[in-house]
Structure formats: C-alpha cells, structure tokens
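Hello,

Here is the structure I promised to pass on. Please have a look at it first, and then read my notes below.

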Amino acid sequence: MEVKDVVIIGAGPVGLFGATMASLHGLSATVIESLPELGGQLYALYPEKPIYDVAGFHGITGKDLALRLIDQAQHFSPTFVVGQAVESIRPVEIEDELLYDVVTATATHRSRAVLVTVGIGAFIPRKLPAEGADHFEGNGVYYLMPPLDHFHDRKVLVVGGGDTALDWTLAIAPKARRLTLIHRRVQFRGQEASIQQIEETPNIDVKAPYALLRVEGESQVERVVVKNIGSGEEEVWPMDDVVGGLGFLPSLGPAKTWGLHIEGNTIIVDPHSMATTLPGIYACGDVAQYPGKVKLIATGFGEIGIAIAQIRTYIDPSKHGLPHSTNLKGVPL
Ligand SMILES: Cc1cc2nc3c(=O)[nH]c(=O)nc-3n(C[C@H](O)[C@H](O)[C@H](O)COP(=O)(O)OP(=O)(O)OC[C@H]3O[C@@H](n4cnc5c(N)ncnc54)[C@H](O)[C@@H]3O)c2cc1C
C-alpha cells in the first residue's frame, strides 16, 4: 500500500492551503473531502458572499476564493479524493514506524502524519419541517447550494429568517424569475444590510409571518402550500424550487471517535505546534481550539504554516522550520 507523508482530512480553505504548503515543502499529500465539491464553507455555505478580510483581496466571493485555493493546490499535484467521508483513523506499526490508516467507506489511505481540517464537520442542515420536503430533496428541495445556474428563470421559495436564508436569497435572486422569501416571524435575524438589499431587489417578494406546510408535485416540485400565520389561512403558490435556509447543526460526526481530545465540536491542540494529543496527528482551521482562538480563514492559513513545519520535522527530525518559498528550487511556475 502506498504511504503518503500526510493525509489531510477536509478540503475547506484551510485543508486546501495545507495541501499547497505540504506539497510545496516536499511532503506527499492526499486530501480527502466528504462532499463532492472542494472548498468547504466557502463553496457550500456562502459561494456568492464577498469576504473582505483575506489578505491580498479587498473583496472576493467565497466561490472565487475556493477556486483560487483549488487552483493553487492543484498546481503542486497532491492527490484529491472527493465524496469520501473519513470514518476512522487507525494507528499501524510497520517496521517500528508509526503510520496511520485513514479509513473511508470505500478506501484506506496510509500516511506518516495526519492533518485534520474538518472545520465545523459535516454540514448537517436543519431540515424543513414540511410534508413532501424529504421526497423532493436534491430534486427541487435544496439545503446545500446547487450550481446557481440551476435557478435560471425559475420560481424559487427560500425559507428562513437568518443569515443562511438571506445570503441564499441574494445569491439566487439574480438568476431566478421570481424569488419568494418566507419566515415564521415578522422580524428577520440576519444582517441589516442584507435585509435592506433584499427589500430593494425587484424580483424578491418577502412574506412574513408565513410557514411552509407542504411541497407538492408529481415527478418534480410544482407548488407549495404555505400558511399565513397572521390570518391562519392556507395559500397555494406555483413553485419550481424550494431552498431550506434554516441554518446548520454543528457536528464533528465521526471525528469524535478518533481518540483526540474533543471539547464541544472542536479538537484541542497545542498552538505552538498545532499538535493534537496523538503523535503525528495535527489539526488546523475552525476545528482546532486553543486559548485565544479566532475562527477566521486568515487564522487557519497561519496555523497551516506552523503545522506543516512541525509535520516536516516529525517525519524528518533533521529538518527544522520552513524555508521561504522564494528560496525553494524546482517549484513549477
Ligand atoms: C456565512 C459565513 C460567512 C463567513 N465569513 C467569513 C469572513 O468574512 N472571513 C473569514 O475569515 N471567515 C468567514 N467565515 C468563516 C470561514 O468560512 C471559516 O473560518 C473557514 O471556512 C474554516 O475553514 P476550514 O477549512 O477550517 O473548515 P470548512 O470550511 O468547514 O471545511 C471543512 C471541510 O471538511 C470536510 N469534512 C468534514 N468532516 C469530514 C470527514 N469526516 N471526512 C472528510 N471531509 C470532512 C467538510 O465537508 C468541509 O468541506 C464565514 C462563515 C460563514 C458560514
């Protein structure tokens, strides 16, 4: 079985940058991502939202930053595995060397070190409590954003009153023929600027307080039945798509069983090294916790520098720190 220097679990921004840094500094790397797409929260949760606090950009959307990180990582040819969730990490000793088997439902990836960058874990959406929603999930009812072009010239209902619902409303509206946003309460909880932008967008209708009761259709979504909570009356609206924007439940899922020191939905690390409590296993990004931690992309990138330096020394104790990339020879341009 092939042995990589490092297996990186999770291909959000931090895991992607980890792949770049590992490869750049001579470590062979495999990146395993449970979703079919790379990019983590950037791609799955806020693809169209501009980020203003990533160094080098005065503003860049989640999707564009993800694409740049993917492009940068692919340049150095690490192995990418998508659509496989890591279920367990098993230590194996071969010729006195401690290795790890990183196991998914369909494959085992062996490595000398492991870098855990699982962020907030699996994105488990709060499901719509409406009859028929389960039946059409992935075919007219969505919780993770399908490609925005899907919504071109369609009638779309977005459900929810927080930032997830407001972000997706603003992302989908430019494509949709008509977008209706409903919320159970009159007051929305999301950012004031988003609410104002929604009010100013001509093809968005805001209906509150309204609740979604049923999603109906034959082979695809054709209509929704909603309740006007104020009057108590039911209304039927023709609809092509329903987007659940009720937010996500944080869940580390299988990572809780990997023998690491877990607190809540985080892994406790030593911030001097990003080492976990198990030898050769490191964690960075949103999942890594230590006093003073700030959950930002910029923080995660910095942690990667520390972790990759440590992993390099862990694998080859004669190596210390990280050379400046400008001093590296043979880097492909
Ligand atoms: C709406 C919103 C706006 C934000 N705005 C900003 C901002 O302006 N600036 C900023 O710095 N930060 C912002 N953030 C936070 C930022 O997105 C996170 O800090 C960042 O995504 C963390 O990156 P990560 O790689 O650690 O984790 P994630 O992006 O969460 O990626 C983790 C990846 O690991 C995968 N994974 C999980 N479990 C497994 C498993 N068992 N096997 C394989 N893969 C697994 C997940 O599918 C995911 O793709 C925002 C977040 C949200 C939700």
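The chain of this predicted model is divided into two parts: domain 1 covers 3-122 + 251-327, and domain 2 covers 125-247. Their C-alpha centres are 34 Å apart. Six residues from domain 1 and seven residues from domain 2 make up the contact.

Together, domain 1 and domain 2 bury about 540 Å² between them, and 62% of that area is on carbon and sulfur atoms. There is polar content at this interface too: one salt bridge was found across it, along with two residue pairs in polar contact. If you look for salt bridges in the model, you will also come to Lys49 and Asp167, whose side chains meet in one at 3.1 Å, N to O.

I also went through the aromatic rings. Searching the whole structure turns up five aromatic pairs. One of them joins Tyr142 and Phe151 edge-to-face, with 6.1 Å centre to centre and 85° between the planes. Both Tyr142 and Phe151 are buried.

Another pair is Tyr210 with Trp237, which is tilted: the centres are 5.4 Å apart and the planes are at 35°. Tyr210 belongs to strand 14 (residues 210-216) and Trp237 to strand 16 (residues 234-238), so this pair ties together parts that lie 27 residues apart in sequence. Tyr210 counts as buried because its relative accessibility is 8%, and Trp237 counts as buried because its relative accessibility is 13%.

Best wishes

Terms used
Residues are numbered from 1 along each chain as its sequence is written. This is a predicted model: local features need pLDDT of at least 70, side-chain atom pairs count only at pLDDT 80 or more; totals for chains, interfaces and linings use all residues. Side-chain values use heavy atoms; hydrogens and water are left out. Rings of Phe, Tyr and Trp (its six-membered ring) pair if their centres lie within 6.5 Å; planes under 30 degrees apart count as stacked, over 60 as edge-to-face and the rest as tilted. Buried means under 20% relative accessible area, exposed over 50%, partly exposed in between (1.4 Å probe, protein chains only). Helices (H or I, at least four residues) and strands (E, at least two) are DSSP runs, numbered from the N terminus. Domain bounds come from an automatic or database domain assignment. Contact means heavy atoms within 4.5 Å. Buried area is the accessible area (1.4 Å probe) that two parts lose on being put together, summed over both. A salt bridge is a side-chain nitrogen of Lys or Arg within 4 Å of a carboxyl oxygen of Asp or Glu. A polar contact is a pair of N or O atoms within 3.5 Å; within protein, one must be able to donate a hydrogen and the other to accept it, and residues adjacent in sequence count only if both atoms are side-chain atoms.
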